[in-house]
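Thanks, everyone, for making time this morning.

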Amino acid sequence: MLEKIGIGIDIIDINRFSEKPYSANKFFYEKIFHNSEINYCLNHKNSSQSFAGKFAIKESVIKSIDQKIDFLDILTDYINSKPIVSLPNNLSYNFLVSISHEKQHAVAVVVSEKII
């Protein structure tokens with residue numbers, strides 16, 4: 001049974017991450033991203049773009065649901081090159097996720113369904 005549908009959108013300037021490199025700011029990144037997400041981003045040529053995209057997804061998730069959650073309550077990943085989201089704390093939501101990058105910006109849109 002579907003209880004509630006929500007939508008969230010976020011846009012971020014990629015420079016916010018390129019000006020704060022992971023190697024000098026590990027504590028900052030570990031407050032926002034899981035180890036698997038950090039490793040994913042660091043394995044890409046433009047890690048700042050990847051971090052910005054994942055951050056935009058997490059902000060969009062927070063905006064799309066009616067429960068208070070933190071960045072580390074949200075796990076982002078990819079299946080067949082498409083972004084997915086899960087909430088490890090067993091909150092019952094399904095998500096549709098879209099992300100895009102353009103020059104110095106990353107944008108994400110999330111549609112959430114709360115399931116009861």
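I will go from the overall fold to one helix and then to one residue.

Please keep in mind that this is a predicted model. The protein chain holds four helices and five strands, and if you follow the sequence, these come in the pattern β-α-α-α-α-β-β-β-β.

As for overall dimensions, the C-alpha atoms fill a box of roughly 45 × 25 × 25 Å along the principal axes. A compact globule of 116 residues would have a radius of gyration near 13 Å, and the 14 Å computed for the protein chain agrees with that. Of those 116 residues, 37% are buried, while the accessible surface comes to about 6900 Å², with 51% of that area belonging to carbon and sulfur atoms. If we take the contacts between residues at least 6 apart in sequence, 56% of them join residues at least 24 apart. On the charges, there are 13 positive and 13 negative, and their mean positions lie 4 Å apart.

Because 13 of its 18 residues are buried, H4 is largely enclosed by the rest of the structure.

Finally, where does Glu37 sit? Its place is in helix H3, which covers residues 35-42, and Glu37 is buried, with a relative accessible area of 0%, where under 20% counts as buried. Beyond its neighbours within four places in sequence, Glu37 is in contact with Ile32, Lys54, Lys58, Ile74, Leu75 and Thr76.

Terms used. Residues are numbered from 1 along each chain as its sequence is written. This is a predicted model: local features need pLDDT of at least 70, side-chain atom pairs count only at pLDDT 80 or more; totals for chains, interfaces and linings use all residues. Side-chain values use heavy atoms; hydrogens and water are left out. Helices (H or I, at least four residues) and strands (E, at least two) are DSSP runs, numbered from the N terminus. Buried means under 20% relative accessible area, exposed over 50%, partly exposed in between (1.4 Å probe, protein chains only). Contact means heavy atoms within 4.5 Å. The radius of gyration is taken over C-alpha atoms; the globule rule is 2.2 Å times the number of residues to the power 0.38. Accessible areas come from the Shrake-Rupley method with a 1.4 Å probe; for residues, only the protein chains shown count as cover. Lys and Arg count as positive and Asp and Glu as negative; His and the chain ends are not counted. The place of a charge is taken as NZ of Lys, CZ of Arg, CG of Asp or CD of Glu.
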